[in-house]
Amino acid sequence: MWRLNEFNLSHKSHTVVRLAVHLPQQQPIVYQDGQEAQAIERAALRKTTLTSWFELNKNDPSAHNISYSDIPQYYMFDKSTTNWKKRQRGGQNVIGRLPVVSILDIERYYLRMLLLRKSGAISFDDILTVNGLRCITFQQACQEYGLLRGDQQWHDALNDAAQFQSPRQLRMLFAMICGFGEVEDVPDLRVQHQVSLCEDFVHRYSEQTGPHYTLADIEELLTSYNLSLQKLHLPTVDLPASVLERVNFDVVEEQAKPNSYTMQLNSEQRNVVEILLSAVYNNAADTPKCYFLDGPAGTRKTFVYSTLLLTIRGTGDDVIPVASAGIAATILIRGRTAHSVFKIPIDLNATSTCNLKPNTKEADM
């Protein structure tokens, strides 16, 4: 009915203008194979939104107090002439957006920081000039302006990235900042942005255990920079890297349970658990792998199974308890029926086969 009545399917509230951020003579160009020289000649004649902003500041004194990111609210960029022209109306619904620059691209990163704060610049040299002295690099200019005091720049970088990047990407950025940036207080930086850094793990597990997985992931990312949680004075965690790929159980929560279960075992039950654990982790060829546990009702066989399952999962390994019937599967921790795990058909005949596909997680298990 909505389409039949020709109602609007979407609504546009604001216009977003993408502003160029590039170093001198390093603006991006588009070219076809064999026409590189012509493309370079065209690029030399055409101004970008940044170089055109420099020209605007030279010729229009009224633009001197407007920052680069705010200029689209008052001026419109004419792509045909590559010039900024004063708006007649409609500027209140226009947003200027500077693209995010990686900290690895150091000079562009600090140029972007200056463009967000300095207005009225007429050239790249003007941006590099602080109190009459020309700095060699944009990073040095940021230092002269006092923009690099403390860790505020890194807080700003993470806050900006949190608006559109996933928690995993934020953790990669955090590790990159620790590896390449000069952070004065890394623990405080993590604490200030912990909610954004561990959002996915909190959603997957819980608010109590999510930060543990966040630290384990950061630990893995820091190895690329020859760093560790301990070197950065961050809390350490005892979680294997393979755990981060598992989504079906909470290893941190499982680690807290085995001890309380083990303390309640009697000598025979403890002996059974030790034998089974030895069989699981002993790869010797003569180690038996098939066991049958029998006992009268009320001898806590299920409790032995639970202790075994929690102990294995607490080490980061996965285990699937399987029972022949649904009622039996429900008394096991995350138990499943054989038909569910091995894809056994309900109606069996002489040619029936399990529908377990190769190269899947179930097949690997």
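Start by selecting tyrosine 68: its relative accessibility is 0%, so this residue counts as buried (buried means under 20% relative accessible area, with a 1.4 Å probe and protein chains only). Before moving on, note that this is a predicted model, in which local features need pLDDT of at least 70, side-chain atom pairs count only at pLDDT 80 or more, and totals for chains, interfaces and linings use all residues. Residues are numbered from 1 along each chain as its sequence is written, and side-chain values use heavy atoms, leaving out hydrogens and water.

The structure holds nine aromatic pairs (rings of Phe, Tyr and Trp, the last by its six-membered ring, with centres within 6.5 Å; planes under 30 degrees apart are stacked, over 60 edge-to-face, the rest tilted). Tryptophan 53 and tyrosine 68 make a tilted one, 5.0 Å centre to centre with 40° between the planes. Tryptophan 53 belongs to helix H2 (residues 49-59) and tyrosine 68 to the loop between H2 and strand S2 (75-78), so the pair ties together parts 15 residues apart in sequence. Helices (H or I, at least four residues) and strands (E, at least two) are DSSP runs, numbered from the N terminus.

Next, select tyrosine 109 and tyrosine 110: their ring centres are 5.2 Å apart and their planes at 90°, so this pair is edge-to-face. Both tyrosine 109 and tyrosine 110 are buried.

Last stop: arginine 300, whose charged end sits over the ring of phenylalanine 303, 4.1 Å from its centre (CZ of Arg or NZ of Lys within 6 Å of the ring centre and within 35 degrees of the ring normal).

Key. Buried < 20%, exposed > 50% of the residue type's maximum accessible area, 1.4 Å probe, protein only.
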